[in-house]
Amino acid sequence: MSTELKAMKGSICHEFETGLPAADVWGVYGTLLFGKLMPQLLPEVVSKVELLEGDGGAGSVLLITFPPGTPGSETFKEKFIKVDNENYIKETIVTEGGALDHGFQKYMVRIEIMGKEDKTSIVRSTMEYEVDDEHADTPPVFSTDGLATIAKAITKYIKEQKGSDF
């Protein structure tokens with residue numbers, strides 16, 4: 001019998017109905033506008049987003065800076081590993097800092113914008129993670145609360161830009 005520990009893996013998901021067409025929501029989530037809006041819409045969550053590499057497509061790398069006084073890491077880097085403009089799916093993986101400084105070996109976020117027949121859409125945010133052996137018995141605490149807050153803020157922003165016809 002092996003005494004080797006295995007890393008803990010899993011995923012958690014949050015869904016948010018927008019009341020907006022999927023293409024409108026993807027117009028923010030699927031572009032660099034998303035990173036530009038975060039410090040404006042949610043300054044208590046993100047103070048700065050910088051594009052380090054790329055043009056917003058797969059392979060692009062962002063440096064995200066948290067506001068002063070935020071517990072944990074001050075910054076983290078994330079890489080876009082998938083940007084699917086036809087199916088409205090974006091996947092990013094943390095490559096440095098952030099969750100990786102707190103026991104995660106892997107921390108990936110998948111955003112899917114799913115259109116519905118009644119011209120509305122759902123933002124499905126999924127976090128996939130792997131916790132290292134050392135932290136497997138006491139995994140780091142995390143939730144989808146931040147992704148839910150972002151989905152609400154982005155939806156509100158798009159509705160305000162479109163006017164009061166929603």
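Modeller: Let me begin with two definitions: contact means heavy atoms within 4.5 Å, and helices (H or I, at least four residues) and strands (E, at least two) are DSSP runs, numbered from the N terminus. With these, the buried residues of α2 pack against α1 (22-29), β2 (48-53) and α3 (145-162). This is a predicted model, in which local features need pLDDT of at least 70 and side-chain atom pairs count only at pLDDT 80 or more, while totals for chains, interfaces and linings use all residues. Residues are numbered from 1 along each chain as its sequence is written, and side-chain values use heavy atoms, with hydrogens and water left out.

Biologist: Which elements does the protein have, and in what order do they run?

Modeller: The protein has three helices and seven strands, and from the N terminus on they run β-α-α-β-β-β-β-β-β-α.

Biologist: Why is the pair of F66 and F76 called tilted?

Modeller: Rings of Phe, Tyr and Trp (its six-membered ring) pair if their centres lie within 6.5 Å, and planes under 30 degrees apart count as stacked, over 60 as edge-to-face and the rest as tilted. The search of the whole structure finds five aromatic pairs; in the one formed by F66 and F76 the centres are 5.6 Å apart and the planes stand at 35 degrees, so the pair is tilted. Because F66 lies in the loop between β3 (61-65) and β4 (75-84) and F76 in strand β4, the pair ties together parts that are ten residues apart in sequence.

Biologist: How do you know that the buried residues of α2 line one face of the helix?

Modeller: In α2 (residues 33-41), F34, G35, L37 and M38 are buried. The arc is that of the directions from the helix axis to the C-beta atoms, and seen down the axis these buried residues fall within 160 degrees, so they line one face of α2. On the other side of α2, K36 and Q40 are exposed.

Biologist: Which residues of α1 are buried, and what puts them on the same side?

Modeller: The buried residues of α1 are A22, V25, W26, V28 and Y29. They cover an arc of only 160 degrees around the axis, which puts them on the same side of α1.

Biologist: Why are α2 and α3 called roughly perpendicular?

Modeller: Axes are lines fitted to C-alpha atoms, for helices over the stretch in contact, and angles run from 0 to 180 degrees between N-to-C directions. Angles under 35 degrees count as roughly parallel, over 145 as roughly antiparallel, 65 to 115 as roughly perpendicular and the rest as oblique. α2 and α3 pack at an angle of about 100 degrees, with their axes 11 Å apart, and are therefore roughly perpendicular to each other. The contact is made by F34, L37, M38 and L41 of α2 and I150, A153, I154 and Y157 of α3.

Biologist: What makes α1 and α2 roughly perpendicular to each other?

Modeller: Their axes come within 6 Å and cross at roughly 80 degrees, and α1 and α2 are therefore roughly perpendicular to each other. In this contact, G27, V28 and Y29 of α1 meet L33, F34 and L37 of α2.

Definitions and conventions
Buried < 20%, exposed > 50% of the residue type's maximum accessible area, 1.4 Å probe, protein only.
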